[in-house]
Amino acid sequence: MSTSLVTGASGAIGAAIARRLALPGSKIVLHYHMHREPIDALVAQMAALGAQAIPLQADLTDLAAADVFAQQVLALVGTPHQVVHAAGTSQFALLQELPLSTWRNLQDIHLGAAYCLLRTFLPGMVQRRFGRVVLVGSIYGQRGGAMEAGYAAAKAGYGALARATLNEVGRSGVTVNVVAPGAIATPMLSRLSDPEKRDLRDAIPAGRLGSPEDVAAAVAFLLSDGAAYISGCTLPVDGGYSI
């Protein structure tokens, strides 16, 4: 029986990933911060698919709380076979106007929480000689983005973290990869006007915005046996936008 952890499961992308992993007999811990209603609906959906979903709340901008959360996961399911870190947030602001507290929160929920999860679960994965880790980054981590400096810096760190970690645990059957979504139709794009969304869509070679399911499909591939020889990579899921 496989066990998984998906952080940020109350968000559109995290929920799509969780549904994709909901195989009969599987056990999945669903992390959320504040929004319990979508998690309750997701638990019911996953039960209908034959998977056992376990909701677990934590504020991952608090690294002490992130450490406690990881220990709670260990107590509930042991070392997960699959860990997907999809929790995150963004802040649309000029760098010179970004408060230090916001900068720190952006780094903590992305890179800091990833550190806490890897530090906790890698020993068990190495001992078992199997583990799959996917960090949900962003194309802004490669190309940057105006008004997104804190977010882009945090997401860029995922690639280096994955490559460095691979060099430490790769011989133990553990893979660590990053998916880098582009413009995905989620509430995060709600700040754009309809004309801005149209312009963005027109700039994408695929001719459309991505869906959370597009990201979930890429994550599911990197977690699969078919991706056992892929590690340390950053896979764009952006319809060719970053080319």
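This is a predicted model: local features need pLDDT of at least 70, side-chain atom pairs count only at pLDDT 80 or more; totals for chains, interfaces and linings use all residues.
Residues are numbered from 1 along each chain as its sequence is written, and side-chain values use heavy atoms, with hydrogens and water left out.

Helices and strands are DSSP runs (H or I, at least four residues, for helices; E, at least two, for strands) numbered from the N terminus. Helix α4 spans residues 100-128 and helix α6 residues 149-169, and their axes come within 9 Å and cross at roughly 15°. Axes are lines fitted to C-alpha atoms, for helices over the stretch in contact, with angles from 0 to 180 degrees between N-to-C directions. α4 is therefore roughly parallel to α6; angles under 35 degrees count as roughly parallel, over 145 as roughly antiparallel, 65 to 115 as roughly perpendicular and the rest as oblique. The crossing of α4 with α6 is right-handed, that is, the near helix is turned clockwise from the far one by less than a right angle, anticlockwise being left-handed. On the α4 side the contact (heavy atoms within 4.5 Å) includes Trp103, Leu106, His110 and Leu118, and on the α6 side residues including Tyr151, Lys155, Tyr158 and Leu161. By class, this contact of α4 with α6 has 14 nonpolar, five polar and one charged residues. Ala, Val, Leu, Ile, Met, Phe, Trp, Tyr, Cys and Pro count as nonpolar, Asp, Glu, Lys and Arg as charged, and the others, Gly among them, as polar.

Helix α4 also packs against α3, the two axes coming within 9 Å and crossing at roughly 35°. The crossing of α3 and α4 is right-handed as well. Among the residues that meet here are Asp67, Phe69 and Leu74 in α3 and Cys116, Arg119 and Phe121 in α4. The contact of α3 with α4 comprises 10 nonpolar, three polar and three charged residues.

Five salt bridges are present in the structure, each defined by a side-chain nitrogen of Lys or Arg within 4 Å of a carboxyl oxygen of Asp or Glu. One of them joins the side chains of Arg119 and Asp67, at 2.6 Å from N to O. Arg119 lies in α4 and Asp67 in α3 (residues 63-77), so this pair ties together parts that are 52 residues apart in sequence. Both are partly exposed, Arg119 with a relative accessible area of 43% and Asp67 with 24%; buried means under 20%, exposed over 50% and partly exposed in between (1.4 Å probe, protein chains only). A salt bridge also links Arg201 and Asp202 (3.8 Å, N to O). Arg201 is partly exposed at 33%, while Asp202 is exposed at 58%. In the salt bridge of Asp214 with Arg208, the closest N and O atoms are 2.9 Å apart.

Thr79 lies in the loop between α3 and β4 (82-85) and is buried, with a relative accessible area of 17%. Leaving aside residues up to four places away in sequence, Thr79 touches Thr3, Leu74, Phe121, Gly124, Met125 and Arg128.

Most residues other than glycine have a negative phi. Arg129, although not a glycine, has a positive phi of about 60°. Arg129 is placed in the loop between α4 and β5 (131-136) and is exposed at 53% relative accessible area. Met147, also not a glycine, has a positive phi of about 70°. The loop between α5 (140-143) and α6 holds Met147, which is partly exposed at 29%.
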